[in-house]
Amino acid sequence: MTTTWHRLYSLHEDRALAQRLRESLSLEEGRFDMRHFPDGESYLRLLDEVQNRNVVVLADLYQPDRRILPLLLLTETLRDLGAGAVLLVSSYLPYMRQDKRFHSGEGVTSRYFAKLLSRYFTALVTIDPHLHRYHDLSEIYDIPTRVGHAAPMIAEWIATNVDKPVLIGPDSESEQWVEAVAKQAGAPFTVLSKTRHGDRDVEVSVPQIERWLDHTPVLVDDIISSGHTMLETLSHLERLGLPRAVCIGVHGVFAEGADEKLTAVAQRVVTSNAIPHPTNAIDIGGLLAASIQELD
Ligand code: R5P
């Protein structure tokens, strides 16, 4: 049976996104007071009755370590005061890249983080989580999940804003994703091909490069974090004589000034509002609302 959601509590910095969700799903605004005591601990007070209300908690969990505790304190309070189902809508789902023990002794933190959230929430909705070694969130989450895909919104943005685009994947792993966006945008695509001649000798080329010299290269990735993946690809493209590229990321984490480094060398850097940032130009509000409605 589909759950009827009554109210939305938002910890998301993007107030317009919260309002859009409330309007699309006819949710009341969950009012609460949250601030810090002088010693840095959190004070929290709900300003509405929540007994038996099914609530949505909207969060943007980038830089998760400092955002997770307020989220869990809010959720504990909601449950303690009698809320029914509690749905987490996290437009960016962190900790998905630590999906294996890369070195002995390391924690597989994606699993631990998933266990933690599964203990607190009834269900989870997110946008394009980083599914690399896991193929489905159900491999690590014990609660029902729903994933929205931003590819159609990215394709629409490219079709409307980029003159003669050619989508470029940084490597063969990205081919499926780049091909899907390119098809929806009605644009061609290609992927960089790498030939390794030695540990430090990798030759990068673009197949049939002469076809694309008068096109605008468009790089698309799920996450832009340190920016290294895109910066490296941009420098290959520059060396190969292609025009400046447009860089698109679903989740602009932009660690350590990656946004400034990228804007210095790209034609334009664009992200979705899954993570609030001045580069946001692709709205995923409708996608989140639809994903909540599709939750079984
Ligand atoms: C990698 O597997 C992801 O799809 C992204 O390419 C990666 O997370 C980007 O990270 P960074 O910006 O730090 O290179």
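**Ligand site and surrounding pocket**

In the predicted model, a backbone N or O atom of Ser225 lies 2.8 Å from an oxygen atom of the ligand, a polar contact being a pair of N or O atoms within 3.5 Å. A polar side-chain atom of Ser226 is placed 2.5 Å from a ligand oxygen, and an N or O atom in the side chain of Asp222 lies 2.7 Å from an oxygen atom of the ligand. Taken alone, the ligand exposes 370 Å², of which the protein buries 77% (Shrake-Rupley method, 1.4 Å probe).

The shell around the ligand (residues with a heavy atom within 4 Å) consists of Arg97, His130, Asp221, Asp222, Ile223, Ile224, Ser225, Ser226, Gly227, His228 and Thr229. Its largest share, four residues, comes from β13; strands are DSSP E runs of at least two residues and helices H or I runs of at least four.

The ligand sits in the largest pocket, with more than half of its atoms within 2 Å of the pocket's grid points. A pocket is an open set of points on a 1 Å grid over the protein atoms alone, with protein on both sides within 12 Å along at least five of seven lines, and lining residues have an atom within 4 Å of a point. Of its 30 lining residues, His130, Leu131, Trp177, Asp221 and Asp222 are the closest to the centre.

Residues are numbered from 1 along each chain as its sequence is written. Local features need pLDDT of at least 70 and side-chain atom pairs 80 or more, while totals for chains, interfaces and linings use all residues, and side-chain values use heavy atoms, without hydrogens and water.

Conventions:
A polar contact is a pair of N or O atoms within 3.5 Å; within protein, one must be able to donate a hydrogen and the other to accept it, and residues adjacent in sequence count only if both atoms are side-chain atoms. On a 1 Å grid over the protein atoms alone, a cavity is a set of points where a 1.4 Å probe fits but cannot get out, and a pocket is an open set with protein on both sides within 12 Å along at least five of seven lines; lining residues have an atom within 4 Å of a point.
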